[in-house]
Amino acid sequence: MSALASSLPKSDDIIDSNVEGSDDDDEDVPSTPVDGAEEAPKKKKKKKKKKKKKKSATEPSQKYEGLNLGGFTDYYLKYGQTSPPTVPISQLFEAGSFPEGEIQEYTQPFNSHRFTSEECKASDSVHSEYYDLVRQASECHRQVRSYAQSLIKPGIKLIDLCTQLENKNRELVQEKGLERGVGFPTGCSINHVAAHYTPNNGDSTVLNYGDVCKIDFGTQIDGRIIDCAFTVAFDPQFEELLKAVQDATDAGIRNTGVDVRLCDVGASVEEVMESYECTIEGTTYPVKCIRNLNGHSIGQYQIHAGQSVPIVDNGDQTKMLENQMYAIETFGSTGRGHVIEFGECSHYMKNFDAPHVPLRLNSAKKLLGHINKTFGTLAFCRRWLERDDGGSFTTNGLQGKQTKYIGALKNLCDAGIVQAYPPLVDIEGCYTAQYEHTILLRPNCREVVSRGDDY
């Protein structure tokens, strides 16, 4: 896909070089005629053509064409970013000044004191460097997804979309192996496929006008992963489905807080989500929560850090933790509201607590060594293994490409060292949607670190 068109008008649109005329808009007074001569004809009034207003090079102008996203796809121009974005995020801001996310006060009565508490403010200030790191990764995510939104149109191949998005992510975050880079493979699950689908090489799937596609990707710096997702749709009949899930996500976020029970967050999501219905091709469907998909806590180099944040009231009395990052992630469906694993696998991840198992296959040992140095415990996909750099140019140069690795990968999965994550699907013919934000439960407030003008 081509890059964004420049927002500056062409020079011949700004001024007509053939325009002549006086600065005075009044008619010219005719000269006194010479005796015996005919009176000179009056000169016609000529008005100056007004110049068109020249648009500022830093004024955002490109709007997203799909449903349920606001803002501009080139919003980052206000920070001095190029269009399309090419300047690394670290060069746009000084350390300590990366844009803050959306700040929300805790609404629970037992947390109401936190916003003004001097003790909580003092505790908050101790973690300023950590917060700034998270905000840097978040701003990278915002700029990358805005760039991606300028590409997402019916007819684009999903593998091309994912490749361009991931390359831009590496560029803006200044990929440096495990130190900073892509947080996990780009999900682009379509229609009844809810999650964990990204194209393997050779997959020629195209995004169509009538598709509902979930875009889910991550950015990480020092293992601090920003996990954020939105849904793409162009056909207006899907608007209520998308709105249900987006509103439910926002409701879930508003009801999080330090010491809040996880089941209470799930109950708030369920109440909003299932108050909606949508009409598709003349049939009205209730919007259902996908009950066996959840949000989750996020740890350093650990995308699922132990706590699951439900999207229904499942009775889990576990309490949310101070200074913990969470992905508030909700899924809605016009189907049965329950997913199973089905289809060719593309996502894999080394288990955070992988056992030390003797491996007999030399190919498995070699692949595990590559995974350890290139991805660690971050998720990866087959496309990355097959890149010339094997997933990280900084780590492997152009000598990282893995070949004939499928058997070795299966051996690592069978040994419990690597976990496979096949696509998660609801019933065929239904439609699913997803929205997700990463939040940080600071001592004195809730910060929605991945919030943007788009959603």
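By class, the residues lining the largest cavity are 6 nonpolar, 6 polar and 2 charged. In this scheme Ala, Val, Leu, Ile, Met, Phe, Trp, Tyr, Cys and Pro count as nonpolar, Asp, Glu, Lys and Arg as charged, and the others, Gly among them, as polar. The structure is a predicted model, in which local features need pLDDT of at least 70 and side-chain atom pairs count only at pLDDT 80 or more, while totals for chains, interfaces and linings use all residues. Residues are numbered from 1 along each chain as its sequence is written, and side-chain values use heavy atoms, with hydrogens and water left out.

The largest cavity holds about 120 Å³ of space. It is lined by 14 residues, of which Gly 177, Val 182, Thr 374, Phe 375 and Gly 391 are the closest to its centre. On a 1 Å grid over the protein atoms alone, a cavity is a set of points where a 1.4 Å probe fits but cannot get out, whereas a pocket is an open set with protein on both sides within 12 Å along at least five of seven lines; lining residues have an atom within 4 Å of a point. Grid points are joined across faces, edges and corners, and a volume is the space filled by probe spheres set on the points. By this rule there are 4 cavities of 30 Å³ or more. The second largest cavity has about 70 Å³ of space, and its lining includes Gly 70, Gly 71, Arg 142, Arg 145, Asp 453 and Asp 454. Its lining has 2 nonpolar, 5 polar and 4 charged residues.

The largest pocket has a volume of about 580 Å³. Of the 33 residues that line this pocket, His 196, Asp 216, His 296, His 304 and Glu 329 lie nearest its centre. Two or more lining residues come from each of β2 (180-190), β3 (193-195), β4 (213-221), β5 (224-232), β9 (295-298), β11 (325-333) and β13. Here helices (H or I, at least four residues) and strands (E, at least two) are DSSP runs, numbered from the N terminus. Strand β2 gives the largest share of the lining, 6 residues. By class, the pocket lining has 15 nonpolar, 13 polar and 5 charged residues.

Strand β13 leads from the pocket lining to an open sheet of 3 strands, which has the order β14-β13-β15 and antiparallel pairing. Strands β14 (380-381) and β15 (418-421) stand at the edges with a single partner strand each, so one side of each is left without a neighbour in the sheet. Two strands pair if DSSP finds at least two bridges between them. Strand β13 (residues 347-350) is joined to β15 by 4 bridges, and His 347 has Tyr 421 of β15 as its bridge partner.

Strand β3, which also contributes to the pocket lining, belongs to another open sheet of 3 strands, ordered β3-β16-β12 with antiparallel pairing. Its edge strands, β3 and β12 (340-341), each pair on one side only. Between β3 and β16 (residues 424-425) there are 2 bridges, and Val 193 stands opposite Val 425 in β16.

Helix α11 (residues 406-414) lies across β13, β14 and β15 and runs at about 105 degrees to β15. Axes are lines fitted to C-alpha atoms, for helices over the stretch in contact, and angles run from 0 to 180 degrees between N-to-C directions. The axis of α11 also comes within 8 Å of that of helix α8 (residues 362-374), and the two cross at roughly 80 degrees. Helices α8 and α11 are therefore roughly perpendicular to each other, a term for angles of 65 to 115 degrees. Their contact (heavy atoms within 4.5 Å) involves Ser 363, Ala 364, Leu 367, Leu 368 and Ile 371 of α8 and Ala 408, Leu 409, Asn 411 and Leu 412 of α11. By class, this contact has 7 nonpolar, 2 polar and no charged residues.

Some details of the backbone remain. Most residues other than glycine have a negative phi, and most peptide bonds are trans. Ser 83 and Pro 84, however, are joined by a cis peptide bond with omega of about 0 degrees. Pro 84 is found in the loop between α1 (11-14) and α2 (89-92). Asn 68 is also in the loop between α1 and α2, and its phi is positive, near 65 degrees. Gln 174, in the loop between α5 (158-173) and β2, has a positive phi of about 60 degrees although it is not a glycine.

Definitions and conventions. Angles under 35 degrees count as roughly parallel, over 145 as roughly antiparallel, 65 to 115 as roughly perpendicular and the rest as oblique.
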